[in-house]
Amino acid sequence: MGRVLIIGAGGVGTVVAFKVAQNADVFTDIMIASRTKEKCDKVVKAIGNDKIKTAKVDADNVDELVKLFNSFKPDIVINVALPYQDLTIMDACLKSGVNYLDTANYEPRDKAHFEYSWQWAYQDRFKEAGLTAILGCGFDPGVSGIYTAYAAKHHFDKITHLDIVDCNAGNHHKAFATNFNPEINIREITQNGRYYEKGEWITTKPLEIHKDLTYPNIGQRDSYLMFHEELESLVKHYPSIERARFWMTFGQEYLTHLRVIQDIGMARIDEVEYKGIKIVPLQFLKAVLPNPQELGKNYEGETSIGCRIKGFKGGKEHTYYIYNNCHHHTAYLETGMQGVSYTTGVPAMIGALMFLKGEWKRPGVNNVEEFNPDPFMEQLNKQGLPWHEIFDQDLEL
Ligand code: NDP
């Protein structure tokens, strides 16, 4: 039914490959391409399906991408490389007539800045080419937007308050490690916080605002207000929202390490000269930190990510909490990866499945909440990320 090209063979790419291979009725031809071909071959070996093709590609190079696209002729590309590659991959898609999906918005290398403007600027070109681009189809962004769309469709006439809550209550038994690419993760967490209230964006100092929130099956965890990219698209697509915020849990040990990393200059993203060569301290740090792909084996506990929503239905105010809990060990047993890679990779596969089944086909550049959430929600239950709903309880927020 469809040819899929996965770009990136990291933690998320591995999960996408496993899940795509499990849905062989839809994904009939599969290729994994990344900077290091050996990593793609390793994924194929772990899956045990030698029909999956692999290739080496530098996704910063449009010509190389176009050559690969023209030889494999995918229907859709699942971009799970790094946010730096979003625009080059989108350019190559336009040149080769290929549809596009990613899980993180474009970031310029020299500035940790998160906004959709760079990718939304491709709207007309994708529309004219008759190609669909699906932006931000991991868990958050991704399922967080689909939960919101589902709530708006089935439970509210008008959403007024949205809080996306992301808890990782797992323990990987390392002093310090990030759950996805360390460079991208540390750039994100060390930024100012930002939330939306009554038509304005309010900026806070990094991790300045925090409060205890109670997560299902986990209990209370200190949760920190951060900016997260889906807030930008969700307040645009749901203009009734008066306040939108994003919260993520961090342990004290993690925060202490993070502070030291920053204080000693290792979170810097500018080049410094060391023994005659130029290095970016944060990129060097990535090379010595634990690889998120290797964390799965000893990872205990679970994640809990969801949306806490307030709004009106039939003139009455209601609250709604929709969430998924994912066990790191269950994810590991299925894919060899931990829960954060799993909760990102499964929705990316489902997004591509939606496209190939014709459910989510809309030429132009689309955020996930612009599509019909129902068939996606059905797949979440089937593909390993079941969701749960709580109605009219105190949201704590
Ligand atoms: P990893 O660093 O583990 O993997 C990234 C992969 O991309 C690696 O295989 C890497 O190759 C490859 N890559 C990097 N640069 C290039 C390039 N120029 N050309 C070709 N391949 C390249 O990252 P993760 O798997 O942890 O994360 C992948 C993506 O998922 C990131 O964009 C991240 O932001 C996103 N994400 C989204 C989430 C969500 O919920 N929406 C949550 C978590 C992550 P090599 O190993 O050789 O360097």
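Guide: A residue is buried if 20 or more other C-beta atoms lie within 10 Å of its own, exposed if 12 or fewer, and partly exposed in between; the C-beta atoms are placed from the backbone. By that count, 49% of the 397 residues of the chain are buried. This is a predicted model: local features need pLDDT of at least 70, side-chain atom pairs count only at pLDDT 80 or more, and totals for chains, interfaces and linings use all residues. Residues are numbered from 1 along each chain as its sequence is written.

Visitor: Why does Asp394 count as exposed?
Guide: Asp394 has 9 C-beta neighbours inside 10 Å, so it falls in the exposed class. Asp394 sits in the segment after β18 (388–391).

Visitor: What makes helix α9 mostly covered?
Guide: Helices (H or I, at least four residues) and strands (E, at least two) are DSSP runs, numbered from the N terminus. Helix α9 spans residues 230–237, and six of its eight residues are buried. They are Glu230, Leu231, Glu232, Ser233, Leu234 and Val235. The cover includes α7 (143–154), β8 (193–197) and β12 (243–249).

Visitor: How many helices and strands does the chain have?
Guide: The chain has 14 helices and 18 strands.

Visitor: Why is the chain called as compact as a globular protein of that length?
Guide: The radius of gyration is taken over C-alpha atoms, and the globule rule is 2.2 Å times the number of residues to the power 0.38. The rule gives 21 Å for 397 residues; the chain has 20 Å, which is close, so it is as compact as a globular protein of that length.

Visitor: Which strands form the open sheet, and in what order?
Guide: Two strands pair if DSSP finds at least two bridges between them. Seven strands line up as β3-β2-β1-β4-β5-β6-β17, with parallel pairing.

Visitor: What makes β3 and β17 edge strands?
Guide: Each of them pairs on one side only.

Visitor: How do you know that β4 and β5 pair?
Guide: Four bridges join β4 (residues 76–79) to β5 (residues 99–102). At least two are needed. In one of these bridges, Asn79 has Asp102 of β5 as its partner.

Visitor: Which residues are closest to the ligand?
Guide: A residue is near a molecule if its C-beta atom, placed from the backbone, lies within 6 Å of it. In this model 33 residues surround the ligand, and the closest are Gly8, Gly10, Ala59, Gly138 and Phe180. Helix α1 gives the most to this shell, with three residues.

Note on methods
Two residues are in contact if their C-beta atoms, placed from the backbone, lie within 7 Å.
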